[in-house]
Amino acid sequence: MVRCFSGIGCLMLAAVGMTARGAEPTPAQKLVASPGVLIVAHRGNSSIAPENTLPAFAKALEAKSDLVELDYHHSADGVPIVIHDDNLDRTTNAQELLGKEKVLVVDLPAGELARLDAGLWFSDKFRGTRLPTLLESLDAIQPGSTTLIERKAGDAATLIKLLERQNLLDRVVVQAFDWEFVKACRELSPSLALGALSGKPATDEQIRAAAATGADVIVWNHEKLRKPQIDFIHELGKKAWVYTIDDPRRTAEFIEAGIDGIITNKPATMIDVRSVAGRGAAPSGDSQAVGR
Ligand code: G3P
Ligand code: CA
């Protein structure tokens with residue numbers, strides 16, 4: 001176990017970052033540790049294609065997103081299925097097809113879930129789009145980007161085994177609001193790049209607890225995070241990302257405040273903002289908004 005006894009020691013550990021756990025940083029660790037601001041396509045490029053589907057992932061790759069986020073739940077037979085909600089109503093035609101409301105993802109086997117339409121609710125143009133499995137999604141995303149896998153439900157061992165089998169353990173980032181899950185992933189894999197999510201008030205105590213999960217990235221609701229908290233996350237040797245920002249001015253403010261990653265439904269727009277702002281001054285607007 002690596003211990004940090006002094007401020008300078010902590011900063012040195014932060015500088016070497018995740019290599020403290022192993023000799024050579026993995027590709028995912030290198031990406032997370034990179035000095036620029038990472039732009040993450042939330043549920044794929046979900047402003048122009050149905051969230052958490054293969055078309056949304058393809059559009060996120062076209063936009064050159066640094067990472068592509070998705071959410072998954074387990075089916076009744078234990079297959080990780082990519083969908084945000086725990087029930088099928090908002091983003092599929094399950095109600096119509098099954099004649100029942102609020103059927104849970106976990107109540108149907110993968111074969112039944114594969115019959116549902118997950119594109120029609122967004123636009124007729126996407127009729128026939130299916131709920132992808134996690135495996136299909138990884139196959140679609142990994143050749144052109146890095147997947148940010150958000151676990152909504154399912155055990156850590158199943159995910160780690162799947163990633164191991166696919167040779168992807170060192171090439172993806174995994175995050176969850178459930179910090180026990182994050183800790184379980186860390187125990188199973190010392191080198192997996194991990195994010196601890198929160199939408200709670202960003203107190204020092206909460207941030208310390210998030211860091212104590214073993215996560216590399218602390219991922220917070222943008223409405224709750226300000227520059228002092230970003231600085232504190234950095235002092236703890238972690239990266240700070242925020243979700244979910246679609247306003248270019250807000251992104252520019254966070255870049256000015258030192259954020260490391262922006263999760264957005266509009267990756268192309270935020271990549272443009274990043275190229276204008278870099279780590280420098282926000283191009284317009286009140287850059288103090290995140291500073292207070
Ligand atoms: O990536 C973070 C963000 O996706 C968390 O919120 O509800 O969109 O999964 P949610
Ligand atoms: Ca998510």
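What spacing do the donors of the calcium ion (ligand 2) follow along the chain? They follow E-x1-D-x78-E, where donors are N, O and S atoms within 2.8 Å of the metal (3.2 Å for Na, K and Ca), and water is not among the atoms, so sites may look incomplete. This is a predicted model in which local features need pLDDT of at least 70 and side-chain atom pairs count only at pLDDT 80 or more, while totals for chains, interfaces and linings use all residues. Residues are numbered from 1 along each chain as its sequence is written, chains are lettered from A and ligands numbered from 1 in the order in which they are written, and side-chain values use heavy atoms, with hydrogens and water left out.

**Calcium site**
- The protein donors of the calcium ion (ligand 2) are Glu69 (OE), Asp71 (OD) and Glu150 (OE), which lie 2.1 to 2.2 Å from the ion.
- Because glutamate 69 lies in strand β2 (residues 67-74) and glutamate 150 in strand β4 (residues 146-151), the pair ties together parts that are 81 residues apart in sequence; helices (H or I, at least four residues) and strands (E, at least two) are DSSP runs, numbered from the N terminus.
- Glutamate 69 is buried, with a relative accessible area of 2%, and glutamate 150 is buried at 4%, where buried means under 20% relative accessible area (1.4 Å probe, protein chains only).

**Parallel strands**
- Strand β5 (residues 173-176) pairs with β6 in the parallel sense over four bridges, pairing being assigned if DSSP finds at least two bridges between two strands.
- The chain crosses from β5 through helix α8 (residues 179-188) to β6 in a right-handed β-α-β crossover, meaning that, with the strands pointing away from the viewer, the path from the first strand over the helix to the second runs clockwise.
- Six of the six residues of β6 are buried, so this strand is largely enclosed by the rest of the structure.
- Strand β6 (residues 193-198) is joined to β7 by four bridges, and the two run parallel; glycine 195 stands opposite valine 217 in β7.
- Tryptophan 220 in β7 stands opposite serine 198 and also opposite valine 242 in β8.

**Helix pair**
- The axes of helix α3 (residues 54-62) and helix α6 (residues 134-141) come within 10 Å and cross at roughly 20 degrees, axes being lines fitted to C-alpha atoms, for helices over the stretch in contact, with angles running from 0 to 180 degrees between N-to-C directions.
- Helices α3 and α6 are therefore roughly parallel to each other, a term for angles under 35 degrees.

Methods: Buried means under 20% relative accessible area, exposed over 50%, partly exposed in between (1.4 Å probe, protein chains only). Angles under 35 degrees count as roughly parallel, over 145 as roughly antiparallel, 65 to 115 as roughly perpendicular and the rest as oblique.
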